[in-house]
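Dear colleague,

I am passing the structure below on to you, together with a summary of what was found in it. Please read the notes alongside the coordinates.

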Amino acid sequence: MNIARRKFLTLGAVGAVGLALSVSGCSQRAGTDATATGSGSGAGAAAGGFAAGSLIGVSLPQKTSQNWEDAQRLFPEKLKAAGFESQVQFANSGVAEQQSQISALITRGAKALIIGPIDGSQLGSQLAQAKAAGIPVISYDRMITNSADVNYLVTFQPDKVGELQGQSLLQGLEAKAGHPAPYNVELFAGSPDDNNARIFFEGAMKVLQPKIDDGTLKVPSGQVSFQQAATQGWDPKTAQNRMDSILTANYSGATLDGVLSPNDTIARALITSITNAGKPVPPMTGQDSDPESIKLIKDGVQYSTIDKPTLSQVDASVEIVKQLAAGQKVSVTNGESDNGVTKIPTDFLDPTLVTSANLAEVYGKDPVRGPIATGQG
Ligand code: BGC
């Protein structure tokens, strides 16, 4: 995954605007000087490596979307193929459970940790414990903040995910609204404790805010800030209830022309709310290539999703583990992320916007999604 693009992504959780910066052409080859944290050595120290058959701990959040289900299946398979033992755990009851699961993985002798945090800001003491034990930490999909003890990040460029969502909402409005601007839209975001959620929203607003400012877009609810748009825990029911209230309060005599939804799970809940209110479903964005949403895109109900193949993200993480085990310098990163405390060598993967226009092309070879996309599922 070592592609030519250089990226630098800054923390999304603490600032107000414009935090996701891309510095293409940056001369320093980020990540190449990052080395493994071998047994007993400090962060950035020369790698000690670890043996075939070592335990790799994978700690994931609640299954708030299909991609986490896919990760549950793929991590054991891919780590096994690479010659490692694995333990994959989900913290279904929240942050405290994830903290104790990570501590337990350390105690059990994991040689590397792959962590998709629920709340990336609350793992500082567990990561300090990992560092003290010489265990490298790979932040998976979501950035771990508030800690210097994160060695790598593997993620689909979250700023680009948001920009693609914003662009597709505009495209959808132009193609489907059936009338000239202004268009009435409503905005939804993910969970405030997930660092990705703010970056997704800010990426989308980079595209949408100028259109709000010039009057092309109206937001009848007036709810335009991240705090107002956020959905705690990525909970679809919470988003659905908020949409119910927005429709009741603002749309008795107005048309809803489009919706920014941060992912497919929430998109489907919003579609339910709009349908229950007896209104036509307008262009609706999404994310994750959920099979159920691919069907809705095929049927013209949901407008778009963002494809972030879990297989690529798992493979990229396992590649780092393999290099760490071999005691090599990790060479598969292609940029850096600033988590507010340290710069994390990062493997940025490319997200793809999917609409009915490229559905078959994007999922053609996927054994689950392909048949849905081509109408045989
Ligand atoms: C992931 C998304 C996912 C969301 C909810 C985010 O951090 O990047 O793909 O939809 O979490 O699970």
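In this predicted model, 13 salt bridges are present. Several of them deserve a description one by one.

One of them pairs D141 with K308, with 3.8 Å between the closest N and O atoms. The two residues come from distant parts of the chain, 167 residues apart: D141 belongs to the loop between β5 (137–140) and β6 (152–156), and K308 to the loop between β10 (305–307) and α10 (310–325). D141 has a relative accessible area of 4% and is therefore buried. K308, at 9%, is buried as well.

A further salt bridge joins the side chains of R142 and D194, at an N to O distance of 3.0 Å. R142 is in the loop between β5 and β6, while D194 is in the loop between β7 (183–187) and α5 (195–213), so this pair ties together parts that are 52 residues apart in sequence. Both R142 and D194 are buried.

The salt bridge between E292 and R268 has its closest N and O atoms 3.5 Å apart. Here the partners sit in helices: E292 in α9 (residues 291–298) and R268 in α8 (residues 264–276), so parts that are 24 residues apart in sequence are tied together. R268 is buried, because its value of 17% is under 20%.

I turn next to the ligand. It is surrounded by 14 residues, of which T64, S65, D141, D194 and D288 are the closest.

- D194, with a polar side-chain atom at 2.6 Å
- T64, at 2.7 Å
- W68, at 2.9 Å

On its own the ligand has 310 Å² of accessible area, and the protein covers 100% of it. Where does the ligand sit? Its place is in the largest cavity. The elements that contribute two or more residues to the shell around the ligand are α1 (66–81) and α5.

With kind regards

Definitions and conventions:
Residues numbered from 1 in each chain as written. Predicted model: local features only at pLDDT ≥ 70, side-chain atom pairs only at ≥ 80, totals over all residues. Heavy atoms only, no water. Salt bridge = Lys/Arg side-chain N within 4 Å of Asp/Glu carboxyl O. Helix = DSSP H or I, 4+ residues; strand = E, 2+ residues; numbered from the N terminus. Buried < 20%, exposed > 50% of the residue type's maximum accessible area, 1.4 Å probe, protein only. Near = heavy atom within 4 Å. Polar contact = N/O pair within 3.5 Å; in protein donor to acceptor, adjacent residues only side chain to side chain. Areas by Shrake-Rupley, 256 points an atom, 1.4 Å probe, with all protein chains shown as cover. 1 Å grid on protein atoms, 1.4 Å probe; cavity = no way out; pocket = protein on both sides within 12 Å on 5 of 7 lines; lining within 4 Å. Sits in = over half its atoms within 2 Å of the grid points.
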